[in-house]
Amino acid sequence: MHIKTIAATLAAAASTLAFANPAAAQSLTDSIERDMPELMELYRELHANPELSMQETQTAARLAGLLRGMGYEVTEGVGQTGVVAVMENGAGPTVLLRADMDALPVTEQTGLPYASEVTATARSGVVSGVMHACGHDTHMAGLIGAAKQLAQRKDEWSGTLVVIGQPGEEVGEGAAAMLEDGLYDRFPKPDYAIAFHDAAQIPAGVVGYASGYALANVDSVDVTIPGVGGHGAYPHTTKDPVVLASAIVTRLQTLVSREQNPQEPAVVTVGAIHGGAKHNIIPDEVKLQLTVRSYSDESRDGLLKGIERIARGEAIAAGMPDDKMPVVTVDPAFTPATYNNPELVERLVPVMQSAIGEARVIETPAVMGGEDFSRYRRADPDHVQSVIFWVGGVSAENWAKSEAGEMTLPSLHSPFWAPDADAVVETGATVLAQSALTLMKPGAN
């Protein structure tokens, strides 16, 4: 399926997803369970019709239509393709619930009957398959499930609910784009921001949480290393950037092993090295591409400054003239570390345990992946508390095989990643909704 057919496909499917009003006395878990056939239909529709980052026009329109039908005041086109839905319900705190909408340039190989056949052209000009290989389709379906319950239970909460469909998480642009487009000026600023992410290393339906740092700063760094090229048989007439690049790569490892506090995790990975064209030619230039991961701003600053210092120091040691010093470029579109406010975690963990069972809620270590959900708190850390939690997506069958050493679990971003979507959507919707109901319970704040 090509990208131009998505609009027609989603429009045709829109009429088939109708949410009925629940009985007022029905419990939250019972209500969500009753809604699961419709939510899974939405999930399969989104899965089969993914859109790349900052191109999520039809996905956004689909979410906007559903939220508008629930009674939310909906604004589209925030931060290019973002959706903001607001429901005001008297005095009380403002709670923001967020799901990301974008897919990845990955050709799906799950074999699912509703597998994506979409192809699209990325901004780079590369044409590829498109797949929800990071599970954002489960995030959206879970968000819609929670939003519906909250819209129908207005007698159980007081305050303002802000539900957002965010573009461009995979490229680290979407949250910043929505904030820059006035998210906190044009719409109520949240007291609390909550989101979930499916997890490829946790059993299906199990919730994982971390207190404090949960995900890392993510920086992309390019190092251009000039040299003086020449014939490989006469290296004494050159300044070899390949040897210099090798020295820089080796020395960079000491940033973590010898300069970073062992109590503060960090990663400096050289993911690519490009230079030269032939066996017997010393090139004029070599380029390195690095990913740098950290948690605190102080660690991040030390690592980035260290990269520049090491590159320059090794060049001086190699006898490079001042006009041929390495150039270090840090991509300004970095993803800040995601911080879960400990007091909010402490408040919500018992809520999660009550909602889905204590055994299904576990503490998990922070990871070195990145998530631009971090920006919602970072935009006003004195006012906004936030938490993002994991919802396991590994089916019981695959978990048992993995534990027995019979299979290697696919990771997020894998063309084979197919979460147990029923468990992810139902658990995500339940925990999002119950967390919001708790935070906005009349008299609770």
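At 4% relative accessibility, Thr427 counts as buried (under 20% relative accessible area; exposed is over 50%, partly exposed in between; 1.4 Å probe, protein chains only). The model is predicted, so local features need pLDDT of at least 70 and side-chain atom pairs pLDDT 80 or more, while totals for chains, interfaces and linings use all residues. Residues are numbered from 1 along each chain as its sequence is written, and side-chain values use heavy atoms, without hydrogens and water.

Reader: With which side chain does the side chain of Thr427 make a polar contact?

Author: A polar contact is a pair of N or O atoms within 3.5 Å; within protein, one must be able to donate a hydrogen and the other to accept it, and residues adjacent in sequence count only if both atoms are side-chain atoms. At 2.9 Å, the partner of the Thr427 side chain is the side chain of Arg360.

Reader: Which strands does helix 12 lie across?

Author: Helix 12 spans residues 421-439 and includes Thr427; helices (H or I, at least four residues) and strands (E, at least two) are DSSP runs, numbered from the N terminus. By contact (heavy atoms within 4.5 Å), helix 12 lies across strand 3 (94-100), strand 7, strand 8 and strand 18.

Reader: Which strands stand at the edges of the sheet?

Author: The open, mixed sheet has 8 strands in the order 1-2-6-3-7-18-8-17, where pairing requires at least two DSSP bridges between two strands. Each edge strand has a single partner strand, so one side is left without a neighbour in the sheet; these are strand 1 (73-78) and strand 17 (361-363).

Key
Axes are lines fitted to C-alpha atoms, for helices over the stretch in contact, and angles run from 0 to 180 degrees between N-to-C directions.
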